Amino acid sequence: MKRLIEGFEQFRNDVFPAQREVFRKLAAGQSPSTMFITCADSRVMPELMFSAQPGELFVYRNIGNIVPPYAQHVSGVVAAIEYAVKVLKVRHVVICGHSDCGAMKALQHPDLVQDMPSVAAWMKHADVARYVVEQNGSGLHGTEVLRRLTEENVVGQLEHLRTLPAVAAALASGQLSIHGWVYDIEHAELKAFDAQHGRFVQIEPGKGEVPEATPHARFSLPTASAA
């Protein structure tokens, strides 16, 4: 606690004064452009990773960066996404996994959470990744299995994300884009899921467009009638 209070004091004395006007505006509301869903792992710090300013990212964290399917489990994350899309009008939703993920290790070795029934039950929402890798990755070994589980979990959660009515409607009208990323902690690298080609590719800042997982829009937005 002493470390946290000292950190807050440093923020109040060194950071806040330089951004006083930013915080004054934020005190009246928020309008982030992106919702960022990631793991609760303490090594993953979205605002630090993306040099984000206060109010830029609407961050939601949980074990395994999981989004339960809409009809299966109404939870905090589902409510947060609905709020972000309907009220905050975010333009992007990112689901971001990461290397050396404890949740994915538990998915690989269920015995790790056998005495944590709540965690074990929560991980059922990621079981699609285990099944996909189990059925299609017979030649994978060691760390490669964990890497593919992490990637397939992101893909699976993107599919779950699309079952949320608010998300489905925004995607259909082209108001929302969705993205699946994996962050490598040791090498500070990002990979993005390229839905068009069905694979993860390295994100190279400044070198072309970042691949998306967004389906094609099917409805055009209504235009305002002439006065």
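1. Where is Cys101 found? Cys101 sits in the loop between β3 and α5 (102–108); helices (H or I, at least four residues) and strands (E, at least two) are DSSP runs, numbered from the N terminus.

2. A word on the basis: this is a predicted model, where local features need pLDDT of at least 70, side-chain atom pairs count only at pLDDT 80 or more, and totals for chains, interfaces and linings use all residues. Residues are numbered from 1 along each chain as its sequence is written, and side-chain values use heavy atoms, with hydrogens and water left out.

3. Cys101 counts as buried, at 1% relative accessibility (buried means under 20% relative accessible area, exposed over 50%, partly exposed in between, with a 1.4 Å probe and protein chains only). Not counting residues up to four places away in sequence, Cys101 touches Cys39 and Leu146; contact means heavy atoms within 4.5 Å.

4. The unreviewed UniProt entry puts a "binding site" feature at Cys39, Asp41, His98 and Cys101; positions are in the numbering used here, feature names are shortened, and annotations may be inferred rather than shown by experiment. These residues span 63 residues in sequence, yet no two of their C-alpha atoms are more than 8.9 Å apart, so they gather at one spot.

5. His98 belongs to strand β3 and is buried, with a relative accessible area of 0%. Leaving aside neighbours within four places in sequence, its contacts include Cys39, Asp41 and Thr150.

6. Now helix α8 (residues 143–161). Of its 19 residues, 14 are buried, so α8 is largely enclosed by the rest of the structure.

Key: Axes are lines fitted to C-alpha atoms, for helices over the stretch in contact, and angles run from 0 to 180 degrees between N-to-C directions.
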